[in-house]
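Have the sequence and the 3D view ready as you read.

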Amino acid sequence: MNSAGEVAAVGSPRFALHTLGWRAFQDLCAAVLREVWGQSVQAFADSNDGGRDGAFYGTWLPPTRPGSVHDIPQGPFVLQCKHTKKADATLAPSELDDEFDKVSALVKRGVCGTYVLLTNARVTGTSEEEIRRRLRAAGVAHPLVLDGQWLSDMIAAHRGLRMFVPRVYGLGDLSQILDERAYAQASVLMASAPEQVTTFVVTGAYRKAARALRDHGFVLLLGDPAVGKSVIALMLAISAADNWGCTAIKARTSEELVQRWNPHEKDQFFWLDDAFGAVRHEEHLTHAWARDLPHVMSAVKNGARVVLTSRSYIYNEARPLLKPYAYPRLHEQHVTVDVADLTREERQQILYNHLAAGDQPQDVRAQMKPHLEAAADAAPFRPEAARRLGLSAFTPGLSLTRQGITAFMAKPRQLLADVYDQLDAHAHAALLLTYATGRDRGLPSPTAFDAAQRDIIERAGATPGGTNKALTALTGTFLTLTTGLDGQAYWAFHHPTLWEGFAAWLTTQPHLLSVVLTGMTDQALLSRTDCLGPGSKQRLGTLLRIPPPLYRETAQRLAALRHQPRGRLEPWQQHYDRQQAVLAYLARSSCDAFLRAYVAADPQVYETLVEFGSPAHYDTRTTVLARLYQASLLSEEVRQRAIGRMKELAISSPDASWIEDEDWQKKVWHLLLTDEEREQLFEHVRQELVPRLEDMVDDWLSDATGDEDDPVDSALLWYTHAFERRRDHNAATEFDCARDVYHQERRSRARSEGSWGPDAWDDRDERRGGYQPPDSHRSLFDDIDQ
């Protein structure tokens, strides 16, 4: 153990612990002692603690890990923290006069055999000797003084500690604690979002995610917008680089993940934000995941680590399409984390960190201070709203009252429109250009504006030079400048809720709508707009609403995109996904009037739609057929062709998608089939499939695997139930027997390479435990204005 007051050797790490608040410093000390001493440390208290910030009771078990404390004497132990917000401060014994007065009482009560003082300040040898003398004079048998350098040394020596207290990555020189490869990876990741690292708070959700990643190699982070999913993923990526030497890859799609996975490189970390859509469910992305999930699980089985994020409402729409037979492998209760589940102390610490890292003047923070506990209690609480409260760019005219601040936290979008209104033309142009780039990496920096971008700038009343300056000025507030692993820098909205708010504002600027649509990338058009009716209520996830006068132009563009030939070097899957994205737009984001404009621009679409595959309820083309039928745009001839296709798949696949007996199923075929046609389909199956079931089962088994479930098994089950409900017990029995044969034979076969299941969940205690601080009489925001 380093002696307090020693001069650190050249290159010895030192973390900027003074940038922490008093509570965050106590949290860090608790985590360090649990990791280094290997003991359970009782929760730190804030006020009625009788002079103690923490305590340990029980039999001391000397730890065996290198760098641990081996010479701790008998307890009971009292732990006291002394934090200063001054860099390079030196602790003087006189600053502890109040603590010395309390020690005698602790000794008399029999709760203080060893007194451990932890501070982030420097402690000279002379001061340490004086502090220890006065503690012994008060009756302490064994005083210990551990200064900021000791804490820094322990942080540097313990990777496990850094994984579960990852904010330390933003407090020091990484090159002093990470090997060369991990340093390179972590540096790139931290450069992409330095403020997220410095404001990060370890929450219960983060700890659960870290355990899931450590134990299972996979984690799915769910939550509402602006609750901190991406920052948890970022911190997991940095921790993975440190703990396992992982190469970090931030992929954009499941296909890119599969392409970048190297089976010969065990330690790879993949992170995908908004896996199933940014603000709305993008069905083509989910279908791609359903297709690629076995490969992803194979990568995890072979040592890769994968983190996905998604808004909860988007995942709820995506999950049924992820093929139920594939998803039980993930053991969702073990690897799925709801990041919005925050304790009151966690909310307060998040708000504190963002205010401390922001640019609000000291007098403004002082005026906010009495109202910050109420602000942290605002419902819903969003970390992104806390970030904005700490930045003066988002708070012009904000009433620094309890009502004004809590309203800002609970309803940040309502205030965004006013903020956007107050920006100048160059800032509007910069935001328009960034919005038009869609979910791609962002707007390249530096930017050489093309003709479409110059048109946006001119129509916004700005100039290229002024727009470039605005891009820089908006960075850190509305925009973020990230660096890809290819070394290219990109501008993007700092948070999806900011571009959602910008979309809502943009709909009030008709003079900019047509030009921004013209300048949009194809991907942005598909993911950031909709053509629902002008009176339609915005669903969860705000998109730019295209007005009817622009339907024809937009329809022609989408039609051209669907018919765009595959490029010579373009992967087939990318070409297919582009076509699927257009169909998903027609199915989910189009009103009747827009569908009318689209089929006028693309009459050949009907030929594509009637060639849907099996299972039909997973194929977007059937949903488009139903939407066209609802809009009276589906001819009887095309409807009959669709029914004919369904009759064919009902026998050959088999495909029971058309049954839709349950209320929750009544979608496509409930619309496309009359009652008479549905009964005719049942008779068709009874006559054509039931007598051939034995031979058909042999054919289906030729392509079967031992996976937990598959489409044939599901279809046979649906047929069994459907014929039972019609009291056709003979047919139901035939299907039930066929399913038994199929099921038993299939289970005897080897699982496909994607059939991965995590080991049994180890519901261990928190890694030497996080803890829940008790109710406090000292506000966490006590030093926010210092």
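What follows starts with the cavities and then moves on to the ring pairs.

First, keep in mind that this is a predicted model. How many cavities of 30 Å³ or more does it hold? The count comes to three. Let's stop at the second largest cavity, which has a volume of about 170 Å³. It is lined by 17 residues, and the closest to its centre are Arg280, His281, Glu282, Leu526 and Ser589.

Of the elements, α27 gives the most to the lining, with four residues. And what is the lining of the second largest cavity like by class? You'll find six nonpolar, five polar and six charged residues there.

Now for the rings. A pair of aromatic rings is described by the distance of the centres and the angle of the planes. Searching the whole structure turns up 22 aromatic pairs. One of them brings together Phe200 and Tyr206, with 5.2 Å from centre to centre and 75 degrees between the planes, so this pair is edge-to-face. Are these two residues buried or exposed? Buried means under 20% relative accessible area. Phe200 has 5% relative accessibility, so Phe200 counts as buried. Tyr206 is at 0%, so Tyr206 counts as buried too.

Another pair to look up is Tyr435 and Trp499, again edge-to-face, with 5.8 Å between the centres and 70 degrees between the planes. Where do the two sit along the chain? Tyr435 lies in helix α20 (residues 425–435) and Trp499 in helix α23 (residues 496–506), so the pair ties together parts that are 64 residues apart in sequence. Both Tyr435 and Trp499 are buried.

Ring pairs link Tyr435 and Trp499 into a cluster with Phe394, Tyr420, Phe478, Phe493, Phe502 and Trp505. Then there is Arg528, whose charged end sits over the ring of Trp499, 4.0 Å from its centre. The charged end of Arg528 also sits over the ring of Tyr435, here 5.2 Å from the ring centre.

Technical notes. Residues numbered from 1 in each chain as written. Predicted model: local features only at pLDDT ≥ 70, side-chain atom pairs only at ≥ 80, totals over all residues. Heavy atoms only, no water. 1 Å grid on protein atoms, 1.4 Å probe; cavity = no way out; pocket = protein on both sides within 12 Å on 5 of 7 lines; lining within 4 Å. Points joined across faces, edges and corners; volume = space filled by probe spheres on them. Nonpolar A, V, L, I, M, F, W, Y, C, P; charged D, E, K, R; others polar. Phe/Tyr/Trp six-rings, centres within 6.5 Å; stacked < 30°, edge-to-face > 60°. Buried < 20%, exposed > 50% of the residue type's maximum accessible area, 1.4 Å probe, protein only. Lys NZ or Arg CZ within 6 Å of the ring centre and 35° of its normal.
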